[in-house]
Amino acid sequence: MEYTTLAPTGLDVSQVALGTWRFGRETNGTVETSRSEAHALLDAAWDRGVNFVDTANIYGDPVGTAERWIGEWLADHDREDVVIASKVNNAMGDGPNESGLGRKHVRHQIEETLDRLGTDYVDVYYMHRWDESTPIEETLRTLDALVAEGKIHYIGMSSTRGWKIAKSLWASDVNDWESVSVLQPRFNAAYRAQPLGYLWYGDEPLDLSLPGELDLAVCPYSPLEGGFLTGKYERGGTPPTDSRGDNESWDDHFLDRQWRVLDVVREVADEIDATPAQVSLRWLIEQREFTCVPVLGSRTVDQLEENLGAVDISLSADRFDRIDEAYHVAE
């Protein structure tokens, strides 16, 4: 495993992070990743050199389950060897102050997160969503204080539009507060809508210079576009009954530009004896404008092992550009 500095922070992290949103999550009465499976995934990632674990207070049923299971695993490891990111905003209960980015909720939730993880600090603390009800100045002032207290090291922002990111950075700058260092958008080779993959399909393509110009690291979720970039779907194929909507084929779910990207990803995978998933993840790792560390959502150890193969391959400039250009061909 090679490590990269999560610029502009001082953190050195593995080229990929382990995502834990499935830990303890129930879907139709079935737990997607059980406690034993979660620990097995953490062990497998650790054994391959992954030192970056991404979670959130809301992950799992009941909420907090993922953090608690990570805390159990972390108890058998040196805390200083592991980089942990968590998040705050979403509702943790039914009370009027049990969600959002207000000072009361943020301060309560960081204590709850630290207790579940069994640690004194988290390395990256994301604003999980923008809070329209709370002035960003209140949130940033609170997070700045938590940095000063050593409870968090760096501030992140997830799934937030570009102008709001800029507003946040401006507020930190003029008030001399700790600013956002890391973004977590939905972003991958087949999904690059403005800004940083947060808007719905059909929006203008992402300007990849944005995080580079703002000096921000990017840790994208859904790096394989919900499995699309693994190559398991075919044009005209029929989605399973529990997929999104009731459309007649996958053609109704994905745009032509996305199928073009998948075609090129498959070609490149054949050329370098890799899988489409590995090529897609490597395309993210090799972003030129900013540090990019994709968050893996692997369901099983076997899937994780395949995905980790992305750190063992490389893409020539020509192959990287072919994948990039396939998305931008005029419809």
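Student: Which residues does Thr 291 touch, not counting residues up to four places away in sequence?

Tutor: Start with the idea of a contact, which means heavy atoms within 4.5 Å. By that rule, and leaving out residues up to four places away in sequence, Thr 291 touches Thr 4, Thr 5, Leu 6, Ala 7, Ala 217 and Val 218. Keep in mind that this is a predicted model, where local features need pLDDT of at least 70, side-chain atom pairs count only at pLDDT 80 or more, and totals for chains, interfaces and linings use all residues. Residues are numbered from 1 along each chain as its sequence is written, and side-chain values use heavy atoms, with hydrogens and water left out.

Student: Where does Thr 291 lie, and is Thr 291 buried or exposed?

Tutor: Helices (H or I, at least four residues) and strands (E, at least two) are DSSP runs, numbered from the N terminus. Thr 291 is found in the loop between H8 and E12. For burial, under 20% relative accessible area is buried, over 50% is exposed, and partly exposed is in between (1.4 Å probe, protein chains only). Thr 291 has 16% relative accessibility, so it counts as buried.

Student: How many helices and strands does the protein have?

Tutor: There are 10 helices and 12 strands. Of the 331 residues, 56% are buried. Among contacts with a separation of 6 or more, 73% are between residues 24 or more positions apart.

Student: Which residues of H3 are buried?

Tutor: They are His 105, Val 106, Gln 109, Ile 110, Thr 113, Leu 114, Arg 116 and Leu 117. These cover an arc of only 160° around the axis, so they sit on the same side of H3; the arc is that of the directions from the helix axis to the C-beta atoms. The face turned away from that buried side carries the exposed residues Lys 104 and Asp 115. The partners packing against the buried residues of H3 include helix H2 (65-74) and strand E7 (83-88). After H3 comes Gly 118, with a positive phi near 65°.

Student: What describes a pair of aromatic rings?

Tutor: The distance of the centres and the angle of the planes. Rings of Phe, Tyr and Trp (its six-membered ring) pair if their centres lie within 6.5 Å; planes under 30 degrees apart are stacked, over 60 edge-to-face, and the rest tilted. The structure holds 6 aromatic pairs. One of them, Trp 46 with Trp 73, is edge-to-face, at 5.9 Å centre to centre and 75° between the planes. Trp 46 lies in helix H1 (residues 35-47) and Trp 73 in H2, so this pair ties together parts that are 27 residues apart in sequence. Trp 73 is buried, with a relative accessible area of 5%. Another pair, Phe 187 and Phe 290, is tilted: 6.2 Å centre to centre, 55° between the planes. Ring pairs also link Phe 187, Trp 283, Phe 290 and Phe 320 into a cluster.

Student: Which ring does Arg 79 lie over?

Tutor: A charge sits over a ring if NZ of Lys or CZ of Arg is within 6 Å of the ring centre and within 35 degrees of the ring normal. Arg 79 lies over the face of Tyr 121, 4.0 Å from the ring centre.
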